[in-house]
Amino acid sequence: MKFLRSLPQETGFFETYAKLARSIKMSGIFAQVISAATEIGIIYALSHQALFPIFPEAAPYLAGLVAALGTITIEGGLRVTTPQAVDAVLYGRFGGLHLVMSIAVFVVVILLGGASGVLSFKNSDTIVENLTAPEAGREKLAADSLYSGLEAEAMAQWTADSTTIADKWRTLLAGQEKAFAGRIAAAKTDLANIRRKEARTGDSYATQKDNAKAAIAALEADKAGKLAELEAGQAAEIDNARAAFRERLAGYEADHSDATGAIESGQAEKVAKYGGGLGYFTIVCLIIFFVSVILDRVHHKGSGIAETVEVSQYDVNPHWFTNLKDAVRDRWNYTLQSRITAFADRTPPPPLPKQPAQLYDPTQLANIQITLKLDQSDDDQDGVIYISPKRRQIGFRTPEEDSSPRDLYNARTADGETPKRTHEAVLSQCDKTVTPTADGETPKRTHEGADLRHLKQRLKEYKKRLGSHTQKKLKLERAGKEVPARTLQAIDNNREWVHHYTELINQATGHK
């Protein structure tokens, strides 16, 4: 389907606004591109948020597809329906069925235009935030790096200070322990001397021993007190150093929080400032699009440009998928039906029913007595049956003795013919059953006997064989192949037998 435009009829009007119409049309296209760019982001975000709980791995791809299709639907729908709405006003299409189409077009334009404006305006803040996020991220990274450096420096300083304090107090404690150890050792030596002196002289020096023990105890008490005092000083100094370290870390953390807060507030100010401006700019772009479409349609009407539609055969024909579906369905049906038909043609006709068996009622013979004797006398007596002493021949019956209709079911040859003996037996039996009258006419029979049914069955078989070989011949001729001589001989042979059995049936039924 092609849309053709005629040459302008009002050349003055066309030339006056041609440049303006071309420029405003390009502006409308650019405005629509900007609207599409601001719409696709928020559609992607909403789609990803809805699809991620269901398809976590495929959510980004599905959300991108939904965003692209949604944007194309909105902007493409506006591109198609807006000119129709403007033409409805310019050409007064508000009567009859045009009114229905015009109302529908206006509703679609309002819905799509509202959706485009709302999505673009709402997504403006997100766009500005995403644009300013890298710079804010770099500033936050710098602040984090600075805080990490200061924290590491403070930690190293605290480690060094705590080590220095511990070493200093460890030295003091060791010195005090050595000093008191010497004094205590001297006191213990005095006590030992007193004890040796007491043992040597045999006198009692109890008072001196008590004084020596008291001196030792006093020294040990002084040692414990001094060491405790030194440990308390060490703990106090370490506590002061730890407090200074924590205060220093708190200052660094406060500075880091102030820096990150300033970065975030600055980004928020940028989003509020530029996001709102971008949102209003998208609204202006939407207005430019509508204005460009209106001016373009007015220029077409004022210039007298007529639009016609050229329809091709492809626009009228069914869709290619419909044709493909029908072709596949027809080919499938043809294949199945041809296979079924070929299978049915190869199926032989049903066999004749067997001869009815004799049925005796033994209750009717309960009181009958039969005497069997050899046939040696000519006297007739009631209740006596004479039989001939003839032995039954052992083996199969000869062809002369067998007149059973089962001769009709003898084996066939490869070309569909029946052996001569079978045909001769049937013909001889038919000759016995049909006896002409004195005037040469064959008597009419009111019912079909077993022989007539056999003849009709044979005629049906030969007709079927004749039809099968004929179809085979026609199929080979249509394919451009040569018909074998064997098939032609089979057709002639079966045609002769059909004619022969038709005459026999006519004779049996009295038809000429």
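Before opening the model I wrote down my accessibility classes: buried means under 20% relative accessible area, exposed means over 50%, and partly exposed is what falls in between, with a 1.4 Å probe and protein chains only.

**Entry 1: ground rules.** I am working with a predicted model, where local features need pLDDT of at least 70, side-chain atom pairs count only at pLDDT 80 or more, and totals for chains, interfaces and linings use all residues. Residues are numbered from 1 along each chain as its sequence is written, and side-chain values use heavy atoms, with hydrogens and water left out.

**Entry 2: overall layout.** I looked up the elements and found nine helices and four strands. Helices here are DSSP runs of H or I with at least four residues, strands are runs of E with at least two, and both are numbered from the N terminus. Read from the N terminus, the order is β-α-α-α-α-β-α-α-β-β-α-α-α. The protein has 512 residues, and 25% of them count as buried.

**Entry 3: helix 1 against helix 2.** I checked how helix 1 (residues 11-51) packs with helix 2 (residues 59-90): the angle is about 145° and the axes are 8 Å apart. The axes are lines fitted to C-alpha atoms over the stretch in contact, and angles run from 0 to 180 degrees between N-to-C directions. I noted the crossing as right-handed; that is, the near helix is turned clockwise from the far one by less than a right angle. Sorted by class, this contact of helix 1 with helix 2 has 15 nonpolar, eight polar and three charged residues. In that count Ala, Val, Leu, Ile, Met, Phe, Trp, Tyr, Cys and Pro are nonpolar, Asp, Glu, Lys and Arg are charged, and the others, Gly among them, are polar.

**Entry 4: Val108.** I found Val108 in helix 3, partly exposed at a relative accessible area of 33%. I also checked Val108 against Thr81: they are 27 residues apart along the chain, and their C-alpha atoms are separated by 7.3 Å.

**Entry 5: a nonpolar patch.** On the surface I picked out a nonpolar patch of Val89, Phe94, Leu99, Ile103, Val107 and Leu111, with about 540 Å² of accessible area together. Patch members have over 30% relative accessible area and no salt bridge; nonpolar side chains (Val, Leu, Ile, Met, Phe, Trp, Tyr) are joined within 5 Å, like charges within 9 Å. The areas come from the Shrake-Rupley method with a 1.4 Å probe, and for residues only the protein chains shown count as cover. Helix 3 (residues 97-201) gives the largest share, four residues. Leu99 is in helix 3 and is partly exposed at 35%.

**Entry 6: salt bridges.** I listed twelve salt bridges in the structure, each a side-chain nitrogen of Lys or Arg within 4 Å of a carboxyl oxygen of Asp or Glu. One of them joins Arg5 and Glu307 at 3.6 Å, N to O. This pair links distant parts of the chain, with Arg5 in strand 1 (residues 2-5) and Glu307 in strand 2 (residues 307-310), 302 residues apart. Glu307 is partly exposed at 44%. Arg5 and Glu307 also belong to a salt-bridge network with Asp87 and Arg297.

**Entry 7: Arg329 and its partners.** Arg329 bridges to Asp326, with the closest N and O atoms 3.7 Å apart, and also to Asp330, at 3.8 Å. Arg329 and Asp326 are three residues apart in helix 6 (residues 320-345), so about one helical turn separates them. I noted relative accessibilities of 48% for Arg329, 25% for Asp326 and 43% for Asp330.
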